[in-house]
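Reader: I would like to learn how to read interfaces, pockets and cavities from a set of coordinates. Please take one case and work through it with me.

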Amino acid sequence: MAKTVFSYILLFVVLVAAQAVVFNQICLFGVAVPLVFIFFILRLPVNTGPNTLLTLGFILGLTVDVFSDTPGMNALCCTVLAGLRNPILHLYLPREDNISNPIPSMKSLTGSVYLKYVITAITLYCALYFILESFTFFALRMLILRIAASTLLTFIIIICIDSLTSLKSEKRL
Amino acid sequence: MRTLLNFLVKHRAWFLFIFYAVISLGLLFKNNPYQRHVYLTSASHVTGSVYKLSNSVTGYFNLRAINDDLQRQNAELSSELLALRDQVDKLTLKVYGDSVPAIEPVRKYDFILAKVINNSISRPHNYITIDKGSLDGVRPEMGVIDQNGVIGVVEIVNDRFARIISLLNPDFRLSCKVKGNDIIGSLVWDGKDSRTALVEELPKHTVFAPGDTIVTSGFSAMFPPDIPVATVIERATTNDDNFYTLRVRLLTEFAQLSTVRIVVNSDLNDIKEIEANMKQ
């Protein structure tokens, strides 16, 4: 139990630091921004209660906000995503008692379920984030382009991180 | 009472959600940037230290381009210095014999050098974090420039770090003019490209040609007059027929900022005092 909590704290710190130092500087072709830190919310165990999810999501969003000078934006989006995470997961995974490992990953859920779960969550997050951002300058075509490109880039990086973490746990065994 | 408590306990996830959402929305729509708390910005101690650490690595990346800029400016300054020295020599000869002691000129502007430790150009509201704070004499509302042109204005100051509103932020309007005539316009970023911006509210009789330099007006007390900001590209089309709007190319390379200068205007406090008195 303590080991799991510690590994989640480590994941939180690493993701926030990576987002602040590396991913916030990336803006591919002027449209695609990787919002990789939401991997933390996606990674929380399947049986996490809604209160814990919401609180952790809010804290995560606020921390990223402090680093990227976007007060409240990521906090709001993360809270919404954390609230909708369990419904999204149960959309593709009707019964959670038949999986061995409660931590969602490509291995513990089957590949197609996990991919659908991740892409739905990322699309939701990117759409919300860029709609909020566009309150400053509104341009519909640019908005749709940014949502699509950022979703794709974030999706690719998150799948990479997922395969990296599962690789590490295999080696440990 | 019991049913109310049951209701609250049963729907506590919803209440928690609404609670967090309200806090976030409060942060999001609190519009006045000067009232934002320093702890929730990139100028706080923790975030500042993280960015300082990462800058100690990334600071080397653009050295070549920055070196070129400095060489060019150095050459310009050297030639200017030679011309001025020449002039001083001539004038000294002219007034030699007059026994009037020269009055020591009061230096109005001073500079503080600082390193950029965090910078963004891709968001709608861009900010820059630097590694100098109030202990080094940096105060809010001081102007910031680099060797190429204007960068922004100091917004929030911690004792060791400060956050600057970048020119690439629609909250910041810079009073400026086309070099050579004294007609004032205001420069503002339109969010499209980090290399271009708009100069708005120029009267219709303004004379300009593509390639003309836009300089600071010196009316704002943050910046000395005649600091180059941008060059004119073309007239932009707008709905407003009463004024000209120009699309301009910014002289500062915001993508590769490294060392910046904070303008310390010794008159700033006096000017502020007078303006405050006028409002009362």
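Reader: Which element gives the most to the lining of the largest pocket?

Author: A word on the source first: this is a predicted model. As for the general idea, rolling a probe the size of a water molecule over the atoms shows where empty space is left. Here, strand S1(B) gives the most to the lining of the largest pocket, namely five residues.

Reader: What is the volume of the largest pocket, and which residues are the closest to its centre?

Author: The volume is about 1,200 Å³. The lining has 45 residues, and those closest to the centre are Cys27(A), Ser120(B), Ile121(B), Ser122(B) and Arg123(B). Two or more lining residues come from each of H5 and helix H6 (140–172) of chain A, and from each of helix H3 (45–58) and strand S1 (109–119) of chain B.

Reader: How do the residues of that lining divide by class?

Author: The lining of the largest pocket has 19 nonpolar, 17 polar and nine charged residues.

Reader: How many cavities of 30 Å³ or more does the structure hold?

Author: There are four. The largest cavity has a volume of about 100 Å³. Its lining consists of 14 residues, with Asn24(A), Val33(A), Leu35(A), Tyr129(A) and Arg123(B) nearest the centre.

Reader: Which element gives the most to the lining of the largest cavity?

Author: That is H5(A), with three residues. H3 and H5 of chain A each supply at least two. By class, the lining of this cavity comprises six nonpolar, five polar and three charged residues.

Reader: Now the interface. How much area do chain A and chain B bury between them?

Author: The size of an interface is often given as the accessible area lost when the parts come together. For chain A and chain B the figure is about 2,800 Å², with 68% of it on carbon and sulfur atoms. Chain A brings 30 residues to the contact and chain B brings 33 residues.

Reader: Which residues form the salt bridge across the interface?

Author: The rule finds one salt bridge between the chains. Asp69(A) pairs with Arg163(B), and their closest N and O atoms are 2.5 Å apart. Five residue pairs, both residues at pLDDT 80 or more, are in polar contact between chain A and chain B.

Reader: Which elements of chain A give two or more residues to the side that touches chain B?

Author: They are helix H1 (2–21), helix H3 (50–68), helix H4 (73–92) and helix H5 (111–133) of chain A. H3(A) gives the most, with nine residues. This side of chain A holds 18 nonpolar, nine polar and three charged residues.

Key:
Residues numbered from 1 in each chain as written. Chains lettered and ligands numbered in written order. Predicted model: local features only at pLDDT ≥ 70, side-chain atom pairs only at ≥ 80, totals over all residues. Heavy atoms only, no water. Contact = heavy atoms within 4.5 Å. Buried area = accessible area lost by both parts, 1.4 Å probe. Salt bridge = Lys/Arg side-chain N within 4 Å of Asp/Glu carboxyl O. Polar contact = N/O pair within 3.5 Å; in protein donor to acceptor, adjacent residues only side chain to side chain. Helix = DSSP H or I, 4+ residues; strand = E, 2+ residues; numbered from the N terminus. Nonpolar A, V, L, I, M, F, W, Y, C, P; charged D, E, K, R; others polar. 1 Å grid on protein atoms, 1.4 Å probe; cavity = no way out; pocket = protein on both sides within 12 Å on 5 of 7 lines; lining within 4 Å. Points joined across faces, edges and corners; volume = space filled by probe spheres on them.
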